[in-house]
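Student: I am new to this one, and I would like to find my way around it. Could we look at it together, one question at a time?

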Number of protein chains: 2
Amino acid sequence: MAAKKTTKTARNEPPPRPKMRPMGQLAPIERQTIEKIDTLARSAVEAVARGENPAMQMKMRALSNVSFNEKKRIIELGDKTQSREFFNTSMARKFMQTFLIANRCKELVGEGKTVSIRQMYYLTKHTLKGTSENTFEGQEESDPIIEDLEVTIDTLREELHLFANKRGLVTGNLVVNDAGDEIDLSKMGRGGWGIPSICEEKELKFVRNDAKFILLVEKQAVWHRLNEDRFWQKQNCILMTSEGQAARGVRRLLQRLSGELKLPVYCLVDNDPWGLYIYSVLKQGSINLAFESMRLAVPNVRFIGMSSLDYEKFDLPSAVEIKLSKEDIQRAQQMKKYPWFADAKWQREIDALLKNGFKMEVDSLLSKSIEFMTEEYLPKKLRDRDYLT
Amino acid sequence: MAAKKTTKTARNEPPPRPKMRPMGQLAPIERQTIEKIDTLARSAVEAVARGENPAMQMKMRALSNVSFNEKKRIIELGDKTQSREFFNTSMARKFMQTFLIANRCKELVGEGKTVSIRQMYYLTKHTLKGTSENTFEGQEESDPIIEDLEVTIDTLREELHLFANKRGLVTGNLVVNDAGDEIDLSKMGRGGWGIPSICEEKELKFVRNDAKFILLVEKQAVWHRLNEDRFWQKQNCILMTSEGQAARGVRRLLQRLSGELKLPVYCLVDNDPWGLYIYSVLKQGSINLAFESMRLAVPNVRFIGMSSLDYEKFDLPSAVEIKLSKEDIQRAQQMKKYPWFADAKWQREIDALLKNGFKMEVDSLLSKSIEFMTEEYLPKKLRDRDYLT
């Protein structure tokens, strides 16, 4: 092994030159991104030329700099900034890493290619010439640098041509154009269209919409049941599943559909603290990604269920009950204190969960009948405007 | 809570009558399934009428009844059977549960609806009248009963209208018809079509195929990279990702594509024991689902990479190396003893992994360049017929 390592280090060659497109062929947003990266790099070079310590300013990504904006109803980053300097032993490595990643992102944008954040790690990892030091030791080093770069030049990672793993499916009365292909989402059979990781305007366009609203369901099996019953056709809507916590692609797509097509968004999650959390991240963003709430949060999303009050309202059988765990109870009590759940109607909802002493899955609606969810539960909720915001 | 329980038990009503289609409207496979369930039920009723102990015979699903069929090259269940009897205190509960599930499956087939195995749990869970006993306490009770039923009446769960969560995406030069919708898989943009959980002939038909082979990749991000580079167009193929271990839908789709369209299948997984396992389950089936290998295994799938020999062959940099863990080494040593890896070429492959002392992810091919995988690695492998079977 030791012998092999030496050979390998020796044969690390410089990567081939990227096939950058001329600036004239780039979309405006691509040019903007490249200019932001160039500006960052230029300021460092100029500092060196002036004999100064090159530094970059970035908003602090820490709990102490995160707050809930009552007016916009989103979680956002405050104005506290920090400086990252080159001539500082604790910062030099990260400084170098930021520029390595910025450089690769510039190439990606120029080439019109995208890679996953794991692939970016491999694109930038190498052994520094003449040393045994690696530029990155693991992805846990490169991921935060990507977030730093996003904050520093105020650019979504999607605009840097980086993607996280995608998750989520969509079907319904909407025609889109994605990367040049026209896709009729009402002709997707039982499979649905996979929601891309990157749902920006450049690649994904809305061609024709007949739907009146969007229903996002947490669980894939619920989406399947509704799709099989052609719920989206009967109710004239767009039916999406996030398959758990919503990925960035799903959030961005929802935000664009809600904003550009002026469609109301309803969210159907399990009746438990995790379901409330999924809804809450969709609506006001998360603490971790507070710097991107503006681009990802959907403040007008409506919580259509499952509500703790549905148990009585729909006369559900005892088979639906799953006893709350100690963690569920603690989590619910925490949630009662969140400013976005301060309203009396939300306090009543969370109190009802605690009073019930049990949680419920959306799937359990099938204990009434196979099509209860499609033909009774959701239509009644929509008709009665029975939702929380 | 105690008071509530009583009320709820009292208000458990019988489920509404299902909307069964007349037998004449059913597809042949649907009629067959219903007849199989009816035969099972009739034999129990007749035993009771004769004053006998109703019993059903089922193949034993135990390691002692599983073996590798060298000729067919699949893992299959042997002929040992066990009997499940009604008048037997240790079997009565399972006997009752089997008929509860069989009855619901019959309704599903009759109605032309499908549900997830979790939803089936809710469909069949209720409190027995006049007692505090539940038909099922949890899904861990209902899942094995579903497998029992599959084996007893020799029917795939898909034919019983049950689905597991789906996973996997596909794009490429193939047109399918799914549930009446014609879907051109070469017009899926960046999203791909979600592979249904149930890929049986009744719903999913192959309309037109121009592809020459199928490439299945383990990782979604690798699929994304290849799709963005339009690998399937340049190489004229169908590009699928299993997103990890292949779900039943992916396996069944691969088997049908391979069999009905006579297409070779290449499999690209990470260079580690888990990747070899994913390949191995695709090819010869798994011990757990040995009773379904005939319907799910794809014995002619080819392992195209990543091979441990690729490190030298493609002059990869040391950045790709991830040290083997103790578990990796143990797992690789176990795998060397599997009969389906007995061939000298496989022994050489696994030995090379152990000798390297490191594993590699397909993503790490990007350390050569962004498009190395699309433009050099895979084309060379295909050209040189450099794969294992």
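Student: Which residue in strand 9 of chain B stands opposite Asp178(B)?

Tutor: Strand 8 (residues 174-178) of chain B pairs with strand 9 of chain B in the antiparallel sense over four bridges. Strands here are DSSP runs of E with at least two residues, helices are runs of H or I with at least four, and both are numbered from the N terminus; two strands pair if DSSP finds at least two bridges between them. In this predicted model, the residue opposite Asp178(B) is Asp181(B).

Student: Before we go on, how are things numbered, and what pLDDT is needed for local features?

Tutor: Residues are numbered from 1 along each chain as its sequence is written, while chains are lettered from A and ligands numbered from 1 in the order in which they are written. This is a predicted model, in which totals for chains, interfaces and linings use all residues, side-chain atom pairs count only at pLDDT 80 or more, and local features need a pLDDT of at least 70.

Student: Which strands of chain B stand at the edges of the open sheet?

Tutor: The sheet has three strands in the order 9-8-11, with antiparallel pairing. The edge strands each have a single partner strand, so one side of each is left without a neighbour in the sheet. They are strand 9 (181-184) and strand 11 (204-209) of chain B.

Student: In chain A, which residue of strand 9 stands opposite Val176(A)?

Tutor: Chain A has an open sheet of three strands in the order 9-8-11, also with antiparallel pairing. Four bridges join strand 8 (residues 174-178) of chain A to strand 9 of chain A. Opposite Val176(A) stands Ile183(A).

Student: What rotation superposes chain A on chain B?

Tutor: Superposition is by least squares on the C-alpha atoms of residues with pLDDT of at least 70 in both copies. The shift along the axis is 0.0 Å and the RMSD is 0.0 Å, for a rotation of 180°. The two copies are thus related as by a two-fold rotation axis.

Student: Which residue of chain A comes closest to the rotation axis?

Tutor: The distance is taken at the C-alpha, and it is 2.5 Å. The residue is Trp193(A).

Student: Which helix of chain A gives the most to the side that touches chain B?

Tutor: Two residues are in contact if their C-beta atoms, placed from the backbone, lie within 7 Å. The contact takes 55 residues from chain A and 55 residues from chain B. Among the elements of chain A that each supply at least two residues are helix 1 (2-10), helix 4 (117-124) and strand 10 (193-194). The one that gives the most, with five residues, is helix 6 of chain A.

Student: Which residues of helix 14 of chain A are buried, and why are they on the same side?

Tutor: A residue is buried if 20 or more other C-beta atoms lie within 10 Å of its own, exposed if 12 or fewer, and partly exposed in between, with C-beta atoms placed from the backbone. The buried residues are Met373(A), Thr374(A), Tyr377(A), Leu378(A) and Lys381(A).

Student: What covers the buried residues of helix 14 of chain A?

Tutor: Helix 14 (residues 372-383) of chain A has 12 residues. What covers its buried residues includes helix 6 (220-228), helix 7 (231-234) and strand 15 (302-305) of chain A.

Student: Why does Glu85(B) count as partly exposed, and which residues does Glu85(B) touch?

Tutor: Glu85(B) is found in strand 4 (residues 81-85) of chain B. Glu85(B) counts as partly exposed because 16 C-beta neighbours lie inside 10 Å. Not counting residues up to four places away in sequence, Glu85(B) touches Asn53(B), Ala55(B), Met91(B) and Phe95(B).

Student: How many residues of chain A are there, and what percentage count as buried?

Tutor: Chain A has 14 helices and 17 strands, and its C-alpha trace spans about 75 × 50 × 45 Å along its principal axes. Of its 389 residues, the share that count as buried is 42%.

Conventions:
The expected span of a helix is 1.5 Å times one less than its number of residues.
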